Amino acid sequence: MSQMILTGLLCGALLGFVMQRGRFCLTGGFRDMYIAKDNRMFYALLIAIAVQSIGVYTLIQLGIVEFSAGVFPWLAIIIGSFIFGIGIVLAGGCATGTWYRAGEGLLGSWIALFGYMVMSAMMKSGPLASVYNSFQAVQTPINSMAETTGISVWVFIALFVVIVIGIVVRELRKPKVMIPTMKPKRTGLAHLLFEKRWHPFFTAVLVGLIALLAWPLSEATGRMFGLGVTTPSANILQYLVTGDQAVINWGVFLVLGIFLGSFIAAKASNEFRFRMPDAKTSIKSFIGGNLMGFGASLAGGCSIGNGLVMTAMMTWQGWVSLVFIILGTWTASYFIFVRPQTKKSAATATTVKTA
Amino acid sequence: MKKTLEVLGMVCPFPLVEAKKVMEEMTSGDELVINFDCTQATESLPRWAAEAGHTVTNFEQLSEASWTITVKKK
């Protein structure tokens, strides 16, 4: 138990710290692919997937880590991921993002987190468990891409790594725009840790390494998976209302660690403050949190569990989920950001306007 | 001309969405002061300014989780 608490909190704290300092926001990243035509954060995610993929499959090869891909409940994955994508735009952050923003003192994220935990618990052990089960029934037996095609998983990994290296080289060769920064007030390590802007690709490598570290740490406590956020978040609530210790696992301490690590990073960088959103944002956060919990539970993972981990494991679940999460964020972004703008400009177009 | 935009309490990407909207109605050489408290905007606002070719004349942290940035329109 003490090992579970210690390594879970440590791994989570590292992740929370790195995500807070690196401003690693997948929701913003997916949204900006569409509204700003900016793929930087998506590429960063691909880097994190590649790092983890090479690492975990090396550990599997060495017999240190065990993994079974299981079945592929495709209907649940498609619908769940799409709904999750809509939810994270409304909530202003994905599941992990919401945990780490809660650690920065954003009360809107606390509200989203509450909706997310309640809905996840309802889906896993509450009145909506039957919905979950009926969707899960629609499945194909093989989830692993290597198994379906009969090609070694290393071929998939090699191909993916080549693509990622190609993207990174192309991105780094682009003429650099000087991004203005604040005048440094600190020096040395304190500057690097608590002030300096981190390059998203650097943050991505760290996220990939932490995702890799999660596997042996988690498996040492009997939980045979890497990073995961949704089930542990539901487990916290299940434990709090039933007192059943059986629902406590490594993941529970992982998510609590994310909160803790982000709080430490924010506090040390003078970025922690309780911030209260207005009523409209609060309601949006709550609805977003619920959609997030419903979608992630149905899809068996969020943007971390499916988007970062199951993708690295080269499963259909991971990649199909990632595509539909992104489509969900684009759909929500259209209604929240794009349509109000085009409507407004259509209204002003009648009056003569010079650009 | 100098204009101030208060986007305190607004979460990303709204500070940026608002800033872009206000900037459109300004003329070249005008300065826009944006006061914000969304951490992620410390990345998105200066990046937008740089990529759009505007000049950042001031960028500093005011207090715990509170920042100001001044962008001069190109």
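**Figure 1. Buried partners A:E271 and A:R21.** In this predicted model, A:E271 is buried, and A:R21 is buried as well. A salt bridge joins A:E271 to A:R21, with the closest N and O atoms 3.0 Å apart. A:R21 belongs to helix α1 (residues 2-22) of chain A, whereas A:E271 sits in the loop between α13 (250-268) and α14 (279-299) of chain A, so the pair ties together parts that are 250 residues apart in sequence.

**Figure 2. A:E271 and A:R23.** A:R23 also forms a salt bridge with A:E271, and here the closest N and O atoms are 2.8 Å apart. A:R23 lies in the loop between α1 and α2 (26-35) of chain A and A:E271 in the loop between α13 and α14 of chain A, so this pair ties together parts that are 248 residues apart in sequence. A:R23 and A:E271 are both buried.

**Figure 3. The pair A:R170 and A:E171.** The salt bridge between A:R170 and A:E171 has its closest N and O atoms 3.7 Å apart. A:R170 is partly exposed, its relative accessible area being 48%. A:E171 has a relative accessibility of 15%; buried means under 20%, so A:E171 counts as buried.

**Figure 4. A salt-bridge network with residues from chains A and B.** Salt bridges that share partners join six named residues into one network: A:D38, A:R40 and A:R197 from chain A, with B:E43, B:R47 and B:E51 from chain B. Over all chains, the structure holds 13 salt bridges.

**Figure 5. A nonpolar surface patch on chain A.** A:L10, A:L14 and A:L213 make a nonpolar surface patch of about 240 Å². One of these residues, A:L213, lies in helix α11 (residues 200-219) of chain A. A:L213 is partly exposed, with 34% relative accessible area.

**Figure 6. Paired strands β1 and β2 of chain B.** Strand β1 (residues 2-7) of chain B pairs with strand β2 (residues 31-36) of chain B in the parallel sense, over six bridges. Opposite B:E6 stands B:N35 in β2(B). From β1(B) the chain crosses through helix α1 (residues 14-24) of chain B to β2(B), and this β-α-β crossover is right-handed. In a regular strand, side chains alternate between the two faces of the sheet.

Definitions and conventions:
Residues numbered from 1 in each chain as written. Chains lettered and ligands numbered in written order. Predicted model: local features only at pLDDT ≥ 70, side-chain atom pairs only at ≥ 80, totals over all residues. Heavy atoms only, no water. Salt bridge = Lys/Arg side-chain N within 4 Å of Asp/Glu carboxyl O. Helix = DSSP H or I, 4+ residues; strand = E, 2+ residues; numbered from the N terminus. Buried < 20%, exposed > 50% of the residue type's maximum accessible area, 1.4 Å probe, protein only. Patch = residues over 30% accessible without salt bridge, like charges linked within 9 Å, V, L, I, M, F, W, Y side chains within 5 Å. Areas by Shrake-Rupley, 256 points an atom, 1.4 Å probe, with all protein chains shown as cover. Pairing = 2+ DSSP bridges. Right-handed = clockwise from strand over helix to strand, strands pointing away.
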